[in-house]
Amino acid sequence: MRVRVLGSAAGGGFPQWNCACPHCSRVRAGDLHLKARTQAQIVVCLDEGGCYLVNASPDLRSQILSTPLLAPSHPPRHTPISGIFLTSADVDSVAGLLSLREFQPLDIYATASVRRIVNDENRIFRVLERANPPVCWHDVAVNTWLPVAASGPSDESSVRFRLVPVGNAYPDYVSEGLRRLLPPEEAVVGLVLAQGNKQMFYAPALGGRSRDWKDWARSSDICLLDGTFWKDRELISTGVGSKTAREIGHVPLSGAGGLLQEFDSARPGRKILIHINNTNPVLDIGSLEHREVRDAGWEIAYDGMEFDL
Ligand SMILES: [Zn+2]
């Protein structure tokens with residue numbers, strides 16, 4: 001399967017529209033040490049045909065339009081996109097669903113809780129039901145292997161997926177009444193995709209107390225992990241927010257218990273940071289933090305990055 005990074009920034013993209021921090025100001029001014037990025041989005045295209053979006057970023061329309069392999073191939077309507085995996089109900093993960101409303105039958109795979117939040121509590125997403133047949137939501141149990149539909153009949157060579165709990169915080173916008181009913185382990189998941197003995201793990205938000213993600217990341221040939229923040233107090237120290245990284249569901253890269261320290265640097269396979277916030281110093285290729293991350297064996301995702309699994 002082939003994976004393409006359509007967007008590599010955290011929520012709001014890079015630069016953020018109303019942010020005058022040094023990074024955003026420098027990228028607006030054309031500083032070549034920093035690269036503009038759209039909001040985190042990947043697409044996975046199977047050898048057997050059929051492409052799957054992982055989440056639906058607020059930038060999804062422009063991301064699809066700038067990717068020729070995702071263009072329709074015949075009239076009146078067509079898309080190589082077969083379905084969408086959702087890793088959370090965050091605005092960053094679901095807003096782009098509204099850009100897919102032009103009468104296209106699609107399959108959406110998510111935990112039952114994410115489906116309830118998106119579809120039951122936010123009726124604007126019912127616009128997807130206008131397709132004929134309508135968009136089909138699939139409630140996916142966590143920690144269970146399932147076949148990916150477009151990969152054909154299930155056998156050893158078919159593609160399978162699994163949703164792994166990685167965080168227990170539901171988005172702020174979810175009503176108190178619904179929040180009380182939802183199991184915490186269905187709030188934020190990572191996606192494991194596997195074919196034969198090859199495996200990829202995608203988790204743009206690593207929060208909560210679960211440590212399972214480390215086993216999935218270690219055992220994967222390629223992992224794309226939460227590169228949102230360098231420091232836990234980054235939003236506070238840069239003056240653009242009042243909460244720590246951990247309080248909003250992201251383990252920081254540096255410091256005690258940070259991703260760099262927690263992750264075994266000697267593991268084989270590729271490890272790639274994605275969902276990088278505008279405040280993160282690793283965005284500046286001239287920074288010490290960028291060098292530290294690269295020296296520890298990490299790659300930093302960029303819009304247009306591609307690789308095969
Ligand atoms: Zn900024």
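Begin with an open space: the second largest pocket holds about 490 Å³. Of the 19 residues in its lining, select Ile64, Thr79, Ser99, Leu100 and Glu102, which are the closest to its centre. A pocket here is found on a 1 Å grid over the protein atoms alone, as an open set of points where a 1.4 Å probe fits, with protein on both sides within 12 Å along at least five of seven lines; lining residues have an atom within 4 Å of a point. Grid points are joined across faces, edges and corners, and the volume is the space filled by probe spheres set on the points.

The model is predicted: local features need pLDDT of at least 70 and side-chain atom pairs count only at pLDDT 80 or more, while totals for chains, interfaces and linings use all residues. Residues are numbered from 1 along each chain as its sequence is written, and side-chain values use heavy atoms, with hydrogens and water left out.

Next, colour helix H2 (residues 60-65), which gives the largest share of the lining of the second largest pocket, three residues. Helices (H or I, at least four residues) and strands (E, at least two) are DSSP runs, numbered from the N terminus. By class, the lining of this second pocket divides into 11 nonpolar, five polar and three charged residues. In this division Ala, Val, Leu, Ile, Met, Phe, Trp, Tyr, Cys and Pro count as nonpolar, Asp, Glu, Lys and Arg as charged, and the others, Gly among them, as polar.

**The largest pocket**

Now select Asp90, Asp92, Ile248, His250 and His275. Of the 45 residues that line the largest pocket, these lie nearest its centre. The volume of the largest pocket is about 1,200 Å³. Helix H3 (residues 91-94) gives the most to this lining, with three residues. The lining of the largest pocket comprises 17 nonpolar, 21 polar and seven charged residues.

**The zinc ion**

Which protein atoms are the donors of the zinc ion? Select Cys19 (SG), Cys21 (SG), Cys24 (SG) and Asn278 (ND2), which lie 2.2 to 2.4 Å from the zinc ion. Donors are N, O and S atoms within 2.8 Å of the metal (3.2 Å for Na, K and Ca); water is not among the atoms, so sites may look incomplete. The angles between the four donor atoms run from 91 to 128°, which makes the arrangement tetrahedral. Four donors count as tetrahedral if all angles lie between 85 and 135 degrees. Along the chain, the donors follow the spacing C-x1-C-x2-C-x253-N. Cys19 is in the loop between strand S1 (2-7) and helix H1 (22-28), and Asn278 is in the loop between strand S12 (270-274) and helix H9 (288-295), so the pair ties together parts that are 259 residues apart in sequence. Cys19 is buried, at 8% relative accessible area, and Asn278 is buried as well, at 2%. Buried means under 20% relative accessible area, exposed over 50%, and partly exposed in between (1.4 Å probe, protein chains only).

**Cysteine pairs**

Move on to Cys45 and Cys51, which a disulfide joins with an S to S distance of 2.2 Å. A disulfide is a pair of cysteine sulfur atoms within 2.5 Å, and the structure holds one. The torsion about the S-S bond of Cys45 and Cys51 is about 110°, so the disulfide is right-handed. Both Cys45 and Cys51 are buried. Cys136 is partly exposed, with a relative accessible area of 32%.

**Backbone details**

Most residues other than glycine have a negative phi, and most peptide bonds are trans. Select Pro75 and Pro76, which are joined by a cis peptide bond with omega of about -5°. Pro76 is in the loop between H2 and strand S4 (81-85). A cis peptide bond also runs from Asn132 to Pro133, with omega near 0°; Pro133 is in the loop between helix H4 (112-120) and strand S6 (136-139).

Finish with Asn55, a residue other than glycine whose phi is positive, near 75°. Asn55 lies in the loop between strand S3 (51-54) and H2 and is buried, with a relative accessible area of 3%. Asn143 likewise has a positive phi, near 60°; this residue is in the loop between S6 and strand S7 (146-147) and counts as partly exposed at 35% relative accessibility.

Technical notes: Four donors count as tetrahedral if all angles lie between 85 and 135 degrees; four count as square planar and six as octahedral if opposite donors are over 155 degrees apart and all others between 65 and 115; anything else is irregular.
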